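Thank you for making time for this.

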Amino acid sequence: MKQALYTVFSFCYFILLAVELTVIGFVLITLCGATDNHKLRYHRILCRRARFVVNHIPGTTFTFNNPHGETFSSPAIIIANHQSHLDLMAIIALTPKLIILTKDWVWRNPFYGIIIRYADYLPVSETEEMTRHIRTMTEKGYSVMVFPEGTRSVDCRIQRFHKGAFYLAEQLHTDILPVLINGFGKALPKLSHHLHPADMTLEIMPRIPYQETTRKGYREMTKQVHRMYKELCK
């Protein structure tokens with residue numbers, strides 16, 4: 001019963017949050033103009049809201065580990081394993097200067113797709129246009145977030161990695177920044193619509209310099225990082 005109440009409360013809060021962010025985006029970007037300053041201000045609001053949400057999910061705890069002192073002062077291709085819809089909140093909370101590559105259905109979602117578009121998040125299908133836009137955003141200091149698995153894991157085990165994130169890192173001469181997610185798939189599993197008690201953690205691992213990706217090639221780097229995640233998530 002408690003978990004059902006938690007789920008209903010969280011869903012209602014999510015609706016209110018989506019409405020608030022839509023209104024803010026309309027006023028700040030549609031009415032006041034889609035300038036770089038207005039866009040960054042919107043990203044900062046998203047980041048603050050995400051930090052609040054991930055730290056106040058009913059029945060859960062959240063721990064953020066940054067042992068190497070990452071500051072996000074220079075752009076990176078951020079990658080993470082994918083366990084739950086909740087992962088996105090933890091990623092958005094990392095830094096305001098972030099764009100995320102999403103699936104087409106997320107970008108076109110009639111409920112919250114407009115928030116995705118206000119934030120300049122991109123659908124992964126538009127490859128050529130996506131690459132041009134990413135280059136522009138990284139030149140402005142934004143990092144790019146990609147889930148290399150492409151979809152959430154049912155059992156939290158690491159799935160096959162797609163090569164897109166590593167190809168971008170090689171093409172744009174951008175570091176790779178691995179992020180390790182744990183416990184999110186227990187809080188909200190892929191095949192469940194209810195929240196569950198869980199201890200969630202997010203750890204930022206050391207950057208992989210773009211020179212290493214260039215030297216080894218993006219295909220080999222994909223395999224290497226995939227092995228690292230599988231070892232860490234045993």
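What follows is a short tour of this model, taken region by region.

Please keep in mind that this is a predicted model, with a chain average pLDDT of 90 and with 97% of the residues scoring at least 70. Among the elements of the chain, the highest mean pLDDT, 97, belongs to strand β6, residues 175-182, while the lowest, 73, belongs to helix α4, residues 104-107.

In general, nonpolar side chains in soluble globular proteins tend to be buried together.

To take one of those residues, what does Leu 202 touch, once we leave aside residues up to four places away in sequence? Its partners include Phe 62, Phe 64, Ala 90, Ile 91 and Leu 94, and also Val 179, Leu 180 and Ile 181.

Phe 166 brings us to helix α7, residues 164-172, where the buried residues are Ala 165, Phe 166, Leu 168, Ala 169, Glu 170 and Leu 172. After α7 comes His 173, which has a positive phi, near 55°.

Finally, Ile 15 lies in helix α1, residues 2-31. Is Ile 15 buried or partly exposed? Ile 15 counts as partly exposed because its relative accessible area is 29%, and buried would require under 20%. Its C-alpha atom is separated by 33 Å from that of Ser 74, 59 residues apart along the chain.

Note on methods:
Residues numbered from 1 in each chain as written. Predicted model: local features only at pLDDT ≥ 70, side-chain atom pairs only at ≥ 80, totals over all residues. Heavy atoms only, no water. Contact = heavy atoms within 4.5 Å. pLDDT = per-residue confidence, 0-100. Helix = DSSP H or I, 4+ residues; strand = E, 2+ residues; numbered from the N terminus. Buried < 20%, exposed > 50% of the residue type's maximum accessible area, 1.4 Å probe, protein only.
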